[in-house]
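Dear colleague,

Please find below the structure that I am handing over to you. The findings follow directly after it.

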Amino acid sequence: MTIRRFLGLSLLAAAAGCSQTDKPADLGVTSDPSGVQTTAQQQTGTAVVQGSCPQVYLRDGTAVLRRYAKGAKDDPQKLLYQVTLADSTRQCVLNQSQLVMTVMVQGRVVTGPAGSGGSVNVPIRVAATDGKTTLYSELVQQAVDTDAGQFVFTKGDVALPGGSGGFTKVYVGFDEGPYNTK
């Protein structure tokens, strides 16, 4: 009887753990409400269980970007704006040879005392590694409206080899250069 209870509790705990997913809706982003896959989606790939989809990490030191007025550095009165990356999610689709990810990160932007509002471009890098091997790296210039207060960065088509190891990690952060890589 004790073994049955233990087994039943174990199955219940496993089922509860499998129900946790990262959803784009958690970031305030919605997609087709019907949830129906089109024929093209069904032919190009198969959705992957989130547990098999590499996690997205925000590295310390690259999740905050501050821009100051010319000639100023670290002077709070000369701060133009500060952009912060906060929550992240991902979605994976597996086709014949690749695992294709869509990475989404919620960001916040605050205008500083020297700022005037408007739109700015911020350099965001998406990189995937498997151990010490870089599988993917791309720099994107993301337009951000400083008056909006928040934004969602979306990078689709992050293509990883289909047989990527279980140690694959995806990193998202600001990259202030030098920009000698893709």
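The chain has two helices and nine strands, where helices (H or I, at least four residues) and strands (E, at least two) are DSSP runs numbered from the N terminus. Read from the N terminus, the order of elements is α-α-β-β-β-β-β-β-β-β-β. The model is a predicted one, in which local features need pLDDT of at least 70 and side-chain atom pairs count only at pLDDT 80 or more, while totals for chains, interfaces and linings use all residues. Residues are numbered from 1 along each chain as its sequence is written, and side-chain values use heavy atoms, with hydrogens and water left out.

Of the 182 residues of the chain, 29% count as buried; buried means under 20% relative accessible area, exposed over 50%, and partly exposed in between (1.4 Å probe, protein chains only). Among contacts between residues at least 6 apart in sequence, 70% join residues at least 24 apart, a contact being heavy atoms within 4.5 Å.

The strands and their pairing

Strands of a sheet pair through backbone hydrogen bonds, either parallel or antiparallel. Here two strands are taken to pair if DSSP finds at least two bridges between them. Four strands form an open sheet in the order S2-S9-S6-S7, with mixed pairing. Strand S2 (56-58) and strand S7 (133-145) stand at the edges with a single partner strand each, so one side of each is left without a neighbour in the sheet. Neighbouring strands of this sheet are turned by 25 degrees against each other on average, direction ignored; the axes are lines fitted to C-alpha atoms, for helices over the stretch in contact, and angles run from 0 to 180 degrees between N-to-C directions.

Within this sheet, S2 pairs with strand S9 (residues 168-174) in the parallel sense over three bridges. Strand S6 (residues 119-130) and S7 run antiparallel and are joined by 12 bridges, with Asp-130 opposite Thr-133 in S7. The hairpin of S6 and S7 has two residues between the strands, and Gly-131 takes a positive phi near 70 degrees there.

Further pairings involve S5. Strand S4 (residues 79-94) and strand S5 (residues 98-111) run antiparallel, joined by 12 bridges, and a hairpin of three residues connects S4 to S5. Tyr-81 has Thr-111 in S5 as its bridge partner. S5 is also joined to strand S8 (residues 150-161) by 10 bridges, again in the antiparallel sense; Val-103 has Lys-155 in S8 as its bridge partner.

The disulfide

A search of the whole structure finds one disulfide, defined as a pair of cysteine sulfur atoms within 2.5 Å. The disulfide joins Cys-53 to Cys-92, with an S to S distance of 1.9 Å. The link is right-handed, with 70 degrees about the S-S bond. Cys-53 lies in the loop between strand S1 (46-47) and S2, and Cys-92 in strand S4, so that distant parts of the chain, 39 residues apart, are linked. Both Cys-53 and Cys-92 are buried.

The nonpolar core

A nonpolar core is a set of buried Ala, Val, Leu, Ile, Met, Phe, Trp, Tyr and Cys residues joined through side-chain atoms within 4.5 Å. The largest nonpolar core has 28 residues, of which Leu-85, Met-101, Val-103, Val-122 and Val-172 touch the most other members. S4, S5, S6, S7, S8 and S9 each supply at least two residues of this core. Leaving aside residues up to four places away in sequence, Leu-85 touches several residues, including Leu-58, Val-105, Ile-124, Phe-151 and Val-172.

The aromatic pair

The count comes to one aromatic pair; rings of Phe, Tyr and Trp (its six-membered ring) pair if their centres lie within 6.5 Å, and planes under 30 degrees apart count as stacked, over 60 as edge-to-face and the rest as tilted. The rings of Tyr-57 and Tyr-171 have their centres 5.9 Å apart and their planes at 40 degrees, so the pair is tilted. Tyr-57 in strand S2 and Tyr-171 in strand S9 are 114 residues apart, and Tyr-57 also stands opposite Tyr-171 in S9. Tyr-57 is partly exposed at 32% relative accessibility, whereas Tyr-171 is buried at 18%.

Yours sincerely
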